[in-house]
Amino acid sequence: MALEFSDKSEDKFNEIVARYPDTHAALLPVLLLAQSEFGWVSVEVMDYVATRLNLNPAKVLSTATFYTMYNKQPVGKCHIQVCTTLSCALNRGYELLELFEDRLEINVGETTHDYGYTLSEVECLAACGTAPMFQVTWSDGEIEYFEDIDPDKIDGVLEKLNARLSDLPDTRRMH
Ligand code: FES
């Protein structure tokens, strides 16, 4: 089945395109929009974005592969992105990351077998004043920040994350 934005994403797409001087400049935000709509940025999604923006597919491919924020394979319903830049590193950010690895039984960069969780290490997310922190991208496109996290309370944090998982779409089946 051919890919198509939902009505809501279509509105957002038009808003983004109107904001930029040309479609090339709109590529990064449109790729993010497509990622939130389709779960991950497959070659099919890149082709769709290229068509919608009237860009060369090779340009879209090289951009999507250059930036780590675009998932080139399916990720878990809950994509945990732990910041380990200076403020977070000095405030137990690495410990937080290791605790997630331990509890989820995966290494950084991996996804759990049931595609519930993906764990990533990321650079500063501009919440340095409330370090350590992590960002979650849910498979319905919502992005949530978890700030001022006490690594000793990781199990409570995971309980909260688990509570949302069952209602969310599996990114492997989104397109
Ligand atoms: S250093 Fe972690 S949010 Fe800036």
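Okay, let's start with Ser139, which sits in the loop that links β3 (134-138) to β4 (143-146). Before I go on, keep in mind that this is a predicted model.

So, is Ser139 buried or exposed? It counts as buried, because its relative accessibility is 6%, and the cut-off for buried is under 20%. What does its side chain reach? A polar atom of the Ser139 side chain lies 2.6 Å from the backbone oxygen of Pro169. If you leave out residues up to four places away in sequence, Ser139 touches Ser36, Lys77, Leu168, Pro169, Thr171 and Met174.

Domain 1 covers 7-66 and domain 2 covers 78-173. Their centres, taken over C-alpha atoms, are 26 Å apart. Ser36 falls within the 7-66 range of domain 1, and Ser139 within the 78-173 range of domain 2, and these two residues touch.

One more thing around here: Asp167. You'll find Asp167 in the segment after α7, and at 69% relative accessibility Asp167 counts as exposed. Between Asp167 and Ser139 there are 28 residues of sequence separation, and 10.0 Å in space from C-alpha to C-alpha.

Now the sheet itself. What is the strand order? It's an open sheet of four strands, β2-β1-β3-β4, and the pairing is mixed. At the edges you have β2 (117-122) and β4, each of them pairing on one side only. On average, neighbouring strands here are turned by 20° against each other, ignoring direction.

And then there's a helix on it. Helix α7, residues 154-165, packs on the sheet and touches β1, β2, β3 and β4. The direction of α7 makes about 10° with that of β3.

Let me go through the pairings in sheet order. Strands of a sheet pair through backbone hydrogen bonds, in a parallel or an antiparallel way. Here, β1 (residues 78-83) runs parallel to β2, and six bridges join them.

On its other pairing, β1 goes antiparallel with β3, over five bridges. The bridge partner of Cys78 in β3 is Trp138.

Next, β3 with β4: antiparallel again, this time with four bridges. Val136 stands opposite Glu144 in β4, and Thr137 has Ile143 as its bridge partner in β4. Those two strands form a hairpin with four residues between them. In the turn, Gly141 has a positive phi of about 95°. Ser139, where we came in, is in that loop between β3 and β4.

Why do I call β3 largely enclosed by the rest of the structure? Because four of its five residues are buried.

Quick word on cysteines. Cys124 is partly exposed, with a relative accessible area of 40%.

Two more residues before I stop. Thr112 is in the loop between α6 (93-104) and β2. At 11% relative accessibility, Thr112 counts as buried. Where does the Thr112 side chain go? To the backbone nitrogen of Gly116, at 3.1 Å. Setting aside neighbours within four places in sequence, Thr112 is in contact with Leu104, Ile106 and Tyr117.

And finally Leu99, in helix α6. Leu99 counts as buried because its relative accessibility is 18%, and remember that the cut-off is under 20%. Its contacts, not counting residues up to four places away in sequence, are Pro151 and Ile154. For a sense of scale, Leu99 and Pro21 are 78 residues apart in sequence and 45 Å apart in space, C-alpha to C-alpha.

To recap: a four-stranded open sheet in the order β2-β1-β3-β4, with α7 packed on it, and a buried Ser139 whose side chain has a polar atom 2.6 Å from the backbone oxygen of Pro169. That's me done.

Notes:
Residues numbered from 1 in each chain as written. Predicted model: local features only at pLDDT ≥ 70, side-chain atom pairs only at ≥ 80, totals over all residues. Heavy atoms only, no water. Domains from an automatic or database assignment. Buried < 20%, exposed > 50% of the residue type's maximum accessible area, 1.4 Å probe, protein only. Polar contact = N/O pair within 3.5 Å; in protein donor to acceptor, adjacent residues only side chain to side chain. Contact = heavy atoms within 4.5 Å. Pairing = 2+ DSSP bridges. Axes fitted to C-alpha atoms, helices over the stretch in contact; angles between N-to-C directions.
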